[in-house]
Amino acid sequence: MATVGNKTESERARPPSPPPARSRTTSVQLELLPRARSESAPFESRSRTNSENPGRSGGEGELHHRLLGPSLQKSGQDGVDQVAVSDIIYQASAGSKYFEHQKQKEKELTKKVEAILKQAEKVSKQDLAAAKVLVDALVNKLESTRILDQTIVHIDCDAFYASVEELDFPELKEKPFAVGNGVLCTCNYEARKFGVRSAMAEFVARKICPQLIVLPLNFPKYIAKSNAIKAILSEYDPNICAMTLDEAYLNITEYCQRVGKDRELVVQEIRDRVYRETQLTVSAGIGPNSRVAKIASNMNKPNGQFVIANDRESVMEFMRTLEVRKVTGVGYVLERQLNAVGVIKCGDIYEKAPLLHELFSDINLSFLLDCYLGLGSTVIKPIEQYERKSISCETTFRDLSSPSEIKQKLWQVATDLEKDCKRLNIAGRKLGLKMKKHTYEALSRQRPVAKPINSAEDLYKYGVQMLEKEMPITIRLIGLRLTELVDLSVEGPMKTFLKGSRRSTQVLADTSGGSGGAEETDAAAEDIEEDLGFMIHSQGDSGPNYRSWSKAHTAANLPSAPTESSAGSSSRKRSSSSQPDFSSEAPTDPTSPLTPPPPVPDPTPTDDRIKDEGGPAAEQVACPVCGNLVSGEPSALNQHVDWCLSRGAILEAVQETYTKRLKTG
C-alpha cells in the first residue's frame, strides 16, 4: 500500500516542482502503484542491452552494463533508453585508462562467475538436501528476531544539491543541470530524463546531454539546509540517525502513540513542514525496520511516500518481487553472481538457498536470507553513538607523478583527517594508505603505530613512510585510513581500575564523576598515575589523553548506500598554517611557519610489522591493557601486563603512596 499525498500519476512523473503545502487528510491510498514496480530493472536492462545488439558478445554486453555505473537505481530514469546511454558511455570511454581498467575487472568477474557455475555443477542432490536442513534452521533463527511493533521512517531529500541550487537559481528548474566538479555529485530530474546521473564523468554526461549545465559544489549552503531539515526531524524523534546530508532514519513509534496520530499522516506532516520551512521536497519510506524503509523511500520519488504494513505477509510480499540490486548492500558484482545462479529477485533467494549455502560464505547467506525475509534493524540512534571501525579521508586529482606534488596531496589529506578525528575525539593505532594508479589500479598499505595518533604531523609522517616505498609512481587518488580506533572521550584505564568497574565500551559513555568516595578515588588515581609515571600528557586541544581503548564497531545494522555527496571528488579545500615543504631537494627551515616541527625520534618501526630486534624503535610497544608505551622485551612486557591486570597491586600502590604521604605529613 502506498501513500502519495494528493498527487496524480502525471504529476509524479514530472520533476519535483515544489507544490503548495498539502492537506494531511487528502492522502490517496493505493494497493500498489505501477511505478513502484518499475520495468527498468538493472538485470532486465542488461538483458535488453545484449538482445537488442546482436553484434555484441555476452562479455561486451556485460561491460556496457558495468559502464552504466552504480547510480542506475536513481529515480527519474524510468523512461530512459539505457541501451542508447550505455552505447554513448562505451564510445566516449573506449581506449581510456578507465575503460581498460573496467574491461579488465569485467574479465576477472566473468572468470569468477564461470568458476561459481562450475562449482554449482559439482553440487550433488545429497549436498542440496543436507544444505536445505541447515538453511531452514537458519531461516527459523532469523525469523525469531523479527520485530513488527516499530515504525521506522527513511527520509531522503530529492536531488538534494540540485534542489538547493534551484532556490538560488530558479531559472534552472526547467533546464537539465548538475552539480559537481569533473564527476557529477547529483543532477536534477530534467537531466535524468536524458540518462544523466550521479557518479558520472562530466565529459560523458555532456555527450549524453550536450545542453547540460554544471554548477560547482557549495557545501556551506548544503550543510545549512541539511541542518534545518534535521532540526524538524528531531522534533519527531530526538534520536534521528542522519546518515548523510540528505538522508536520515527516525523512529516515530513513540511520537505516534503520544499524539494519537496515524503514522502515514505524521510522515505527511513531516514532509509538508520540510517544504514549508526549507522550500525543499523529501521522499519517505515507512516500514517496520530500516532495511525496508530505505528501499521504500525510493518507490515514489520525487516528493512522495510509500508505506509497508507492519505484518509479516506484507513485508514478505514487498521483498518477493524486488530485484536484488535494489537492496542496499547488493552491488554489481554480487548481482552478477546471483543472476548467474538464477537469483533475480529477492523471492528467488529461498528457492536457491541450498545452492547458495554451498557457493557463498555464511555471512553472505545470512545477509541474503535477511533480504528474503525483509528483516532489518529497529534501533535508531544518532550516528555519533555508533562506534566506528575506521575513519578515512581521500582526494582525487589529475595524474601526478612528482614526489613533491604527491606528498603535498598526502599532507592535505592528513590535515583533513586530523580535523575529522578531533571533531569526533578519536585516534587510531593502525594507519592505512590508499592509492589509485593512473591505470585505475588500487593499492593499499597499512602499518601499526606504537601509540594512537590523530595529528596531521603523525598521519603524514607515517603515511609518507609507506608512500616512499612505492615511489616512483603515478597516481590519481590518495587517502589515509585509521583503524583500531581509540575513543578519547571516555576515562583512562587507571581510573576505571581504581573504581573497580569495567572500562566502558560505549562510544558515548557517561563520564560524569560521582560524589564523595568517587571523587576521592579519582584524585587518588591522578596522584598514583603521576607517581608511577603513567601520565600521558595531552597534546593541544585534543581533549582527554590517549588512555581509552574501547573496541569499535560499525553501525552494521543500519543500511548505507552511495549518496549524492559520495560520487564526486572527496578533496576538501582547507587552508593550513603549518604546511611542510614537500620538495625533496630544498632543506626544511625548522623556524618557518609553513613547515612542520623538526622530526623527533620515531618510536615506531617503519616496517609493516613490529620488529623484535634491538634498537630504540623495537624496545617500546603499547601495553594491550593500559595502552602506554613500555619495554618490548618479553619478560618486561609480561611483568608489566601482569601488574596492569592485578587490581590488587594497583590498590596496594595507592594505599602505600597515601601511607607515605600521611607519615611525611
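## Terms and basis

Helices (H or I, at least four residues) and strands (E, at least two) are DSSP runs, numbered from the N terminus. Under that convention E484 lies in strand 14.

This is a predicted model, in which local features need pLDDT of at least 70 and side-chain atom pairs count only at pLDDT 80 or more, while totals for chains, interfaces and linings use all residues. Residues are numbered from 1 along each chain as its sequence is written, and side-chain values use heavy atoms, with hydrogens and water left out.

## The chain as a whole

The protein chain has 24 helices and 16 strands. Of its 665 residues, 48% count as buried, where buried means under 20% relative accessible area, exposed over 50% and partly exposed in between (1.4 Å probe, protein chains only). Contact is defined as heavy atoms within 4.5 Å, and among the contacts in the protein chain with a separation of 6 or more, 70% come from residues 24 or more positions apart.

Helix 7 packs against helix 10 (residues 219–234) at an angle of about 100 degrees, and their axes are 10 Å apart; axes are lines fitted to C-alpha atoms, for helices over the stretch in contact, and angles run from 0 to 180 degrees between N-to-C directions. Helix 7 and helix 10 are therefore roughly perpendicular to each other, given that angles under 35 degrees count as roughly parallel, over 145 as roughly antiparallel, 65 to 115 as roughly perpendicular and the rest as oblique. On the helix 7 side the contact is made by F160, Y161, V164, E165, L167 and D168, which meet F219, K221, Y222, K225, S226 and I229 in helix 10. The residues of this contact divide into seven nonpolar, one polar and four charged, with Ala, Val, Leu, Ile, Met, Phe, Trp, Tyr, Cys and Pro counted as nonpolar, Asp, Glu, Lys and Arg as charged, and the others, Gly among them, as polar.

## Helix 6 against helix 18

Helix 6 (residues 125–143) and helix 18 (residues 362–373) pack at an angle of about 60 degrees, with their axes 10 Å apart, and are therefore oblique to each other. The residues that meet are V135, L138, V139, L142 and E143 from helix 6 and L365, S366, L369, D370 and L373 from helix 18. By class, this contact has seven nonpolar, one polar and two charged residues.

## Cysteines

How many disulfides does the structure hold? There are zero disulfides, a disulfide being a pair of cysteine sulfur atoms within 2.5 Å. The sulfur of C393 is 9.6 Å from the closest cysteine sulfur, which belongs to C421, and this is too far for a bond. C393 counts as buried at 6% relative accessibility, and C241 is buried as well, with a relative accessible area of 0%.

M471 is found in the loop between helix 20 (456–470) and strand 14 (475–487), and P472 has its place in the loop between helix 20 and strand 14. At 21% relative accessibility M471 counts as partly exposed. Leaving aside residues up to four places away in sequence, M471 touches P403, I406 and K407, and its C-alpha atom is separated by 9.6 Å from that of S402, 69 residues apart along the chain.

In strand 14, E484 has a positive phi of about 50 degrees although it is not a glycine, and at 35% relative accessibility E484 counts as partly exposed.
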